[in-house]
Amino acid sequence: MSEVERAATCPLHQISPMHPELLACPTGLNTRLRREAPVFKDSVSGIYFVSRYADVVSMAMDHKTFSSVITGPAGRGTSNLDDPELAEIMGEGYPNVDTMLTQDPPLQRRYRKFVDGAFSPKNLKALEPYIEQTANKLIDQMLEKTARGESVEFLEDFAAPLPLTVIASQIGVPLDDLHLLRKWTAAFIGNLSQQLDRDGTLQAARDIVEFQHYFVEKMDERRARPANDILSKVVNASINGEQPLNNAECLSMLSQIMVAGNETTASAFTETMLLLINNPQQCQSLYANHDEDMIHRMVEESLRISSPSANMFRRATRDVELGGVVIPENALCFARFGAANQDEATFPRPLEFDLMRDNLREQVAFGKGVHHCLGAALSRRELKVSFRVIFARLTNFRLPADQSAPNFAPNALLHGLTHMPLAFDVVQTP
Ligand code: HEM
């Protein structure tokens with residue numbers, strides 16, 4: 001019996017939600033937890049899983065009780081600094097500093113204000129032609145592949161490179177180095193997944209140190225010759241005469257922008273595509289009408305169902321009662337945005353891809369409160385602009401008959417497909 005099947009019937013205290021199969025396929029377990037144990041202590045990890053919409057929102061809104069500063073292994077991925085080889089590798093890099101995502105106000109706000117401007121509506125509007133051009137270029141390459149008789153992998157060929165290309169242009173990284181950004185993002189995500197073995201952990205540490213040295217060199221360049229990019233904003237940030245950020249602080253901010261933005265947006269792309277394939281009626285209605293409002297609905301409903309940032313850590317700063325359970329001071333908790341977004345009390349028939357939901361605005365895929373996603377408007381724009389291009393050029397999406405169906409990756413924090421084989425037809429223009 002698979003762990004997913006077991007989790008449907010066995011007593012709750014025998015379930016470990018951190019089991020890789022349940023991290024990959026949490027839907028059934030989430031339904032059960034919301035009904036039977038909305039605040040559930042996993043006896044293996046000791047983490048409190050908070051799964052109902054109302055509880056997750058109240059956690060996210062109360063940053064004083066639920067801190068984002070996590071000390072110990074949870075905040076450092078799987079890094080075990082008792083391992084001398086790991087400590088030696090990491091000793092060649094820069095120390096981890098808690099900045100936006102892993103910091104609390106007022107410090108969190110201080111860091112965030114240095115980069116908020118880069119994601120202003122004006123900047124994002126100006127970015128639209130570049131997103132459109134990148135989407136068109138990637139589709140051209142997909143068509144070249146099919147012309148050569150090769151199959152298309154939507155994750156590799158579109159969903160991953162699009163946000164990577166856009167964020168690289170904003171950070172100020174040359175396009176020739178995209179493969180490095182991809183490798184470093186994977187290293188950070190591997191660490192976060194809590195699923196790496198020792199070799200994987202050591203390799204991730206080497207890649208992260210390489211990332212740090214690459215960016216420190218670029219940061220020195222921007223200190224000497226500022227440009228109009230995020231790198232320059234971060235290294236030269238000094239508001240009201242404050243000290244500029246040091247290298248470790250800058251690296252923390254850059255890694256968050258890179259990691260928080262790439263994998264999540266790629267997952268939103270692949271899952272939207274899968275939802276379109278699995279819901280031909282909704283897909284047809286989008287072909288009939290993909291005006292601004294309908295594309296917006298599709299993106300919001302897809303973000304609700306997919307919730308790429310499924311779980312985020314919090315630490316209780318005091319004993320606190322939530323959902324009838326007392327969470328003790330210092331306990332680690334998961335604010336489960338993915339489970340909240342499928343709470344039937346807020347979103348009736350939560351697994352249905354319903355473009356006409358009247359409360360799409362309530363979805364919490366980008367979090368809530370002070371940590372609400374820095375890149376929410378950027379991701380939304382990338383998804384909307386790209387799907388407009390996709391609908392104009394491609395149609396009849398399907399999974400190729402000769403390839404395995406896509407699976408979700410086991411990851412403690414993120415939820416996304418491991419691959420997304422795709423067949424399609426080209427839209428015939430009259
Ligand atoms: C579909 C794509 C995305 C999803 C689902 C997503 C999800 C989230 C969520 C749930 C949070 C809140 C975390 C918490 O409460 O602890 C968050 C914060 C954050 N996101 Fe995103 N994100 C996405 C795209 C991006 C992009 C493109 C960027 C890069 C610009 C980005 C950068 C950040 C940063 C820096 C934070 C921390 C903000 C803070 O703590 O002040 N995200 N994101």
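Modeller: Helix 13 and helix 15 are roughly perpendicular to each other (65 to 115 degrees). This is a predicted model: local features need pLDDT of at least 70, side-chain atom pairs count only at pLDDT 80 or more, and totals for chains, interfaces and linings use all residues. Residues are numbered from 1 along each chain as its sequence is written.

Biologist: At what angle do helix 13 and helix 15 pack?

Modeller: Helices here are DSSP runs of H or I, at least four residues, numbered from the N terminus. Axes are lines fitted to C-alpha atoms over the stretch in contact, and angles between N-to-C directions run from 0 to 180 degrees. Helix 15 covers residues 292-306, and its axis lies 9 Å from that of helix 13. The packing angle is about 105 degrees.

Biologist: Which residues in helix 15 meet helix 13?

Modeller: Contact means C-beta atoms, placed from the backbone, within 7 Å. Helix 13 brings Ser267, Ala268, Glu271, Thr272 and Leu275. Their partners in helix 15 are Met298, Ser302, Leu303, Ile305 and Ser306.

Biologist: Are helix 9 and helix 13 roughly parallel or roughly antiparallel?

Modeller: Helix 9 (residues 161-171) and helix 13 (residues 247-278) have axes 8 Å apart. Their angle is about 155 degrees. Over 145 degrees counts as roughly antiparallel. The two helices are therefore roughly antiparallel.

Biologist: Which helix gives the largest share of the shell around the ligand?

Modeller: The ligand is surrounded by 26 residues, the closest being Ala260, Gly261, Gly367, Cys373 and Gly375. A residue is near if its C-beta atom, placed from the backbone, lies within 6 Å. Helix 6 (107-116), helix 13 and helix 17 (376-393) each supply at least two shell residues. The largest share, seven residues, comes from helix 13.

Biologist: What is the bridge partner of Arg398?

Modeller: Strands are DSSP runs of E, at least two residues, and two strands pair if DSSP finds at least two bridges between them. An open sheet of three strands has the order 4-10-9. Strand 9 (394-398) is an edge strand, and strand 9 pairs with strand 10 (residues 421-426) in the antiparallel sense over three bridges. In strand 10, the partner of Arg398 is Ala423.

Notes:
Angles under 35 degrees count as roughly parallel, over 145 as roughly antiparallel, 65 to 115 as roughly perpendicular and the rest as oblique. Two residues are in contact if their C-beta atoms, placed from the backbone, lie within 7 Å.
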